[in-house]
Amino acid sequence: MIYEMAEKCEKEVKKICDDYEVYISSGKTIELDSKNDELNFAKEEITQGIGIRVLKDNKMGFAFTSDMDKINQTALQALENTKLNNPDENYAFSQKEKVNDIDKLYDKKFENLDLDESIDFLNNIIKKANETQCDVTSAGFSASRGESLILNSNGVSIANKSTGFGAGLSVNIEAKENVATAYDSISSRFYDLDGDKLAEDVCKLAMDSVDTKAIETKDYDVVLDYYAATGLLSTFLEAFNGENVQRQRSILHDKMNSEIVSPNLSITNDATLEKGMYSTKCDGEGTVSKKTKLVENGVLKSFMYDIYTANKGNTTSTGNGYRNSYLSTPSVSPSNIILDFDEKIGTDEISEGVLTTSVLGAHTISGDFSVEASNAFKIENGEISYPINKAMISGNIFEIMKKCEGVKSEIKQYGPFILPKILVHNLRVVGQH
């Protein structure tokens, strides 16, 4: 079906322009949300549409439609829209390359998954949490299937097909005249989510977080759990965006081949990873996916580029031109970001420190942050000793990455990040009574 649509579309676009790109996507999504124990939102949605880009006189034009009977009008609109833009020789479409298959991105179980089974899955998570004496404040489940086909006048024709599943749970618990909250989520390309374990882990975190004590304000070794680490790393990752670099909005714009993080750390952008949540055969403009070493043993080696920013920077695309759907044009975005530490430290090696599960608060483009540590615990003589009252953590993400270490822990994917827990030395923790 998607190929027939593509051929029909290409035929129409060819009539009006020699330099073109056709992007077709279709998808189905199931989304559920509950407030407390009750399901309050359920949606099953099917989407389908075409995005057309054309190049004429170095000017880019874009138009889209979800009406397959309006392909001709959409192509003409894309051509008309070139008149609204200035000529720019950096615009181009992807070139044909060898395409590699990536395993474990599609689960056939999605084809038989319906709303009722999805509701049962979510209800089981809620039931499991309730059995552990936790009050569920919210829970959610999502499942999606996406297919896309991109082809252009350079002979590129690449199809992608993938599925994704996710669940999240937020609880609170009252004990010893204290109320503690906790949240976590899980995701996978496959319908292999362990809802029972999610409920057990979140409820245990909440229970462990009651009966808090105050902590002295000073500099500590701080272990950032997965959520806390990814919360702080989002600002850090923006500095690798080629567009931000070219506009000098990135603190790293002039740091190529300089040591920017701990020499113990390498960072890779890898869209070819088996079962990776952001893996795909090509990006949203048909550039074949690849591995890009952003940082090697602490030294900055590359930024992330789409075709436009690569041409502007006199380099080649790293395959990071992604788009959310047929409604949008590509822009620089990460795929799977792997943080790989040469050596890791055990929590049992930390004489005094703080473990924080998540952080809440503002970040600045310069990397400065002052955030509230949630579900935080005091580490004494290598062991978790007690939960601490609300505390503020402040520092600069670019500075703390220069003295961070990996923690011996499971490697997990949260959002684009694939990482262990991270240890940061001498981070300011402000205790609150």
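This is a predicted model: local features need pLDDT of at least 70, side-chain atom pairs count only at pLDDT 80 or more; totals for chains, interfaces and linings use all residues.
Two strands are said to pair if DSSP finds at least two bridges between them.

Select the 6 strands that form an open sheet; they lie in the order 3-2-1-4-5-6, with antiparallel pairing. In general, the strands of a sheet pair through backbone hydrogen bonds. Next, colour strand 3 (59–65) and strand 6 (178–188): these are the edge strands, each of which pairs on one side only. Across this sheet, neighbouring strands are turned by 15° against each other on average, direction ignored.

**Strands 4 and 5.** Select residues 135–152, which make up strand 4, and residues 157–175, which make up strand 5; the two pair in the antiparallel sense over 16 bridges. Within this pair, display Ile150, which stands opposite Ile158 in strand 5.

**Helix 2 on the sheet.** Turn now to helix 2, which packs on the sheet and touches strand 2 (38–56) and strand 3. The direction of helix 2 makes about 150° with that of strand 3.

Finally, show the side chains where the helices meet. On helix 1, select Met5, Lys8, Cys9, Glu12, Val13 and Ile16; on helix 2, select Ile71, Asn72, Ala75, Leu76 and Leu79, which they meet. By class, this contact has 8 nonpolar, 1 polar and 2 charged residues.

Technical notes:
Residues are numbered from 1 along each chain as its sequence is written. Side-chain values use heavy atoms; hydrogens and water are left out. Contact means heavy atoms within 4.5 Å. Helices (H or I, at least four residues) and strands (E, at least two) are DSSP runs, numbered from the N terminus. Ala, Val, Leu, Ile, Met, Phe, Trp, Tyr, Cys and Pro count as nonpolar, Asp, Glu, Lys and Arg as charged, and the others, Gly among them, as polar. Axes are lines fitted to C-alpha atoms, for helices over the stretch in contact, and angles run from 0 to 180 degrees between N-to-C directions.
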